[in-house]
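Please open the model in a viewer and keep the sequence at hand. The stops below cover the disulfides and then the nonpolar cores.

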Amino acid sequence: MRLNVFLLILLLHGAAAVKPPAKWQTLSGEAPVVVARGGFSGIFPESSQYAYQIAESTSLKNVVLLCDLQLTKDGGGICQSDLRLDNSTTISSVFPKGQKTYSVNGQPLTGWFSVDFTSDQIYNNVSLIQNIFTRPSVFDGSLPISMVEDVTGLHPYQFWINVQYSIFFKEHKQDVATYITTASEQMVIDYISSPEIAFLKSLSGKLRSGKTKLIFRFLEVDDVEPSAKQTYKALLNDLSTIKSFASGILVPKSYIWPVNKDQYLEPHTSLVTDAHNLGLEVYASNFANDMPASYNYSFDPTAEYLQFIDNSNFSVDGVLTDFPSTASEAVACLAHNKNNTLPTEGRPLIITHNGASGVFAGCTDLAYQQAAEDGADILDCSVQMSKDGVVFCLDSADLMGHTTAIKTFMPRATVVPEIQKENGIFSFDLTWSEIQSLKPELTTPLSQSGLARNPAAKNQGKFMTLTDFLEFAKKSTVAGVLINIENAGYLASKKGLGIVEAVSTALTNASYDKLPKKQVLIQSDDTAVLSAFKKNSGYKRVLYVKETISDAPKPTVDEIKHSADAVNLPRSSIVADSGFFVSAFTGVVDKMHAANISVYVSVLRNEFLAIAFDYFSDPMVELATYVAGVQVDGVVTEFPATLAAYLRSPCSNMNAKLPYSILPVEPGSLLSLVSPEALPPAEAPAPVLAVADIQDPPLPPVADLSDKASVTAAPQTSPPRSGQSAIAVNAALSLLIVMLSFVQLRFL
């Protein structure tokens, strides 16, 4: 494979110096540095040539490349963090008899070790593999281990060597201090770190004065430093001694922002301030986009970086990360922008999906309040109806997935094939009073992968009627509402519930037809529903195309134009993927735009398992791809705060000519680096959207079920909360009539 193929990745990101920022609270007052641990090890095998090259091309110009140094049998230097090479390379299959057991810091350790092999044996025979299973495996076995000279040959802006096991190598007749002092005469080493005090002290006076910073690395608090025989927790209380032989410290990020057992942030410690007061720099480690740290960050890795570099009290002097491009975004694009206002023109709408449903249970008052606070433009309400005709907001008519209905109403579960194949407890089979007795459920589409959302708020919040929702949106700062209507035909013909009429009445009652500053979007997968609102010229009609498509021919687009002003498409209908890699832009957006049809993309989520590898486990890069790359007109998201942060950033403006920016991905760039035999199997193309797919029959009239029961419903004494006519039997009817009605309705 040609190693220069990496240049294609330059299309992904700008790489230059940081923008002139506000005053940083680092020790030097300069922007914190980004340290790439083993290069871009979040995507490529750690310390591979690709990893280092992509780290340089996608990060800030002053990115620091870090090499975890190990020595071979003949004294060569290689870069690998794990002392046991079998965890990250093919060495066990190449040298099946090379397994050994050694004592490392007093503990037996079994594996394959660099001290048992020469540099040539390792470099010419052993290949790297990805040792974290959620990361791409397609590069396994194709890249050699990097020698130290390979990394410095890339001419990094700054170079960092971490020495984790100096004592171990000395026991095997290899002196790391001698290796480094010799190497420093031939290459520039900007940082040297180690968790061993004696090793750092042994370098005193042997390196070029003022050129190399010695950094003491803290391990976990209860680990014992091998030379001083003290725990790292004890050493933390004696920073003045550390200052006598080091210019900085490298600590796990939990030393600064502790996380409790429930994965929520605790108050920050005074470590950074204390160290800065002594003149010590502080570098934080263990940053990775695909290893969620705290629910406080809502799966947005940039939010975590900002917690360390852009809070009101301090900033660390650098971050050690597996995803240097994301850390670069935080430094260059997102820091010091919290108070920026969202641009009013030239950007897509921020449209919620059940409110801020990544933070609170969807369609609850808390989810909508959070979304408004987070900067959403359009609040959405997927309307459902109760048995007694109350319209309320919930993602699905099936209450099983979004409420605690299973605990109470499981005997009422049934199959409604017109709506779904699975068993469900449906809103139209329960009264509004019964629905109000339930609690909401905060769900996540990736719960089976262990990525829960905000467990502390799992059942918090209240369901909102459509009337209450409209009133809240009217009083808030949001630009408008989106009302999503599904199953209208079934509700009308089988349940006697007129959801279209109910929504129209509620909007009129709330004066949305007379509020020019509040947008109203009516969304449905049924063109007959959209046609019913054609008379409301102030409303924008959105066709919801749920299925993934690969193309939309002109006749189909023309047909859409008859009933809709916009389309809401799945992500995969706009950016196609193959084996979790971005493969192509479909061109559907361009065809819709040519017909003056707006395009919204849905649903965007922050969880790294929900986005393709090309986005580097970074929701900001995915946003840039849809916003700046494809130029959609609206983004439907469960995390509006992340989208708002991106749009507030100057880096979202592709015309700003900034030295660094968050650029859209180039389809196929990562796949082009993969050996042909390792490529994921080609997937069948998605179907083309045909005219017949969007042509729906007229809506049936609302059935009068009271006539079928040979009874007449008593008039309501007061209007229901949702603002529409409720179809319910008055509680004052005689017991006999109620029983007859039940018998009749049971068999409809």
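Is the link of Cys333 and Cys651 left-handed or right-handed about the S-S bond? In this predicted model, select both residues: with -80° about the S-S bond, the link is left-handed. The sulfur atoms of Cys333 and Cys651 are 2.0 Å apart.

Select next Cys67 and Cys79, which are joined by a disulfide with an S to S distance of 2.1 Å. The S-S torsion of this pair is about -100°, so the bond is left-handed. Cys67 belongs to strand 2 (residues 64-71) and Cys79 to strand 3 (residues 77-79). Cys67 is buried at a relative accessible area of 0%, and Cys79 is buried at 0%.

Move on to Cys381 in strand 15 (residues 378-385) and Cys393 in strand 16 (residues 391-393), 12 residues apart. A disulfide joins Cys381 to Cys393, S to S 2.0 Å, and both cysteines are buried. Then select Cys363, which is in no disulfide; its nearest cysteine sulfur, that of Cys393, is 5.8 Å away.

Turn now to the nonpolar cores. Select Ile180, Ile256 and Ile483, the residues with the most contacts inside the largest core, which has 182 residues. Helix 22 (residues 619-630) gives the most to this core, with 8 residues. Around Ile256, display its contacts, among them Val251, His268, Phe308 and Phe314. Finish at a second, separate core of 12 residues, including Trp432, Ile435, Leu438 and Phe463.

Key:
Residues are numbered from 1 along each chain as its sequence is written. This is a predicted model: local features need pLDDT of at least 70, side-chain atom pairs count only at pLDDT 80 or more; totals for chains, interfaces and linings use all residues. Side-chain values use heavy atoms; hydrogens and water are left out. A nonpolar core is a set of buried Ala, Val, Leu, Ile, Met, Phe, Trp, Tyr and Cys residues joined through side-chain atoms within 4.5 Å. Buried means under 20% relative accessible area, exposed over 50%, partly exposed in between (1.4 Å probe, protein chains only). Helices (H or I, at least four residues) and strands (E, at least two) are DSSP runs, numbered from the N terminus. Contact means heavy atoms within 4.5 Å. A disulfide is a pair of cysteine sulfur atoms within 2.5 Å. Lists of a residue's contacts leave out its neighbours within four places in sequence.
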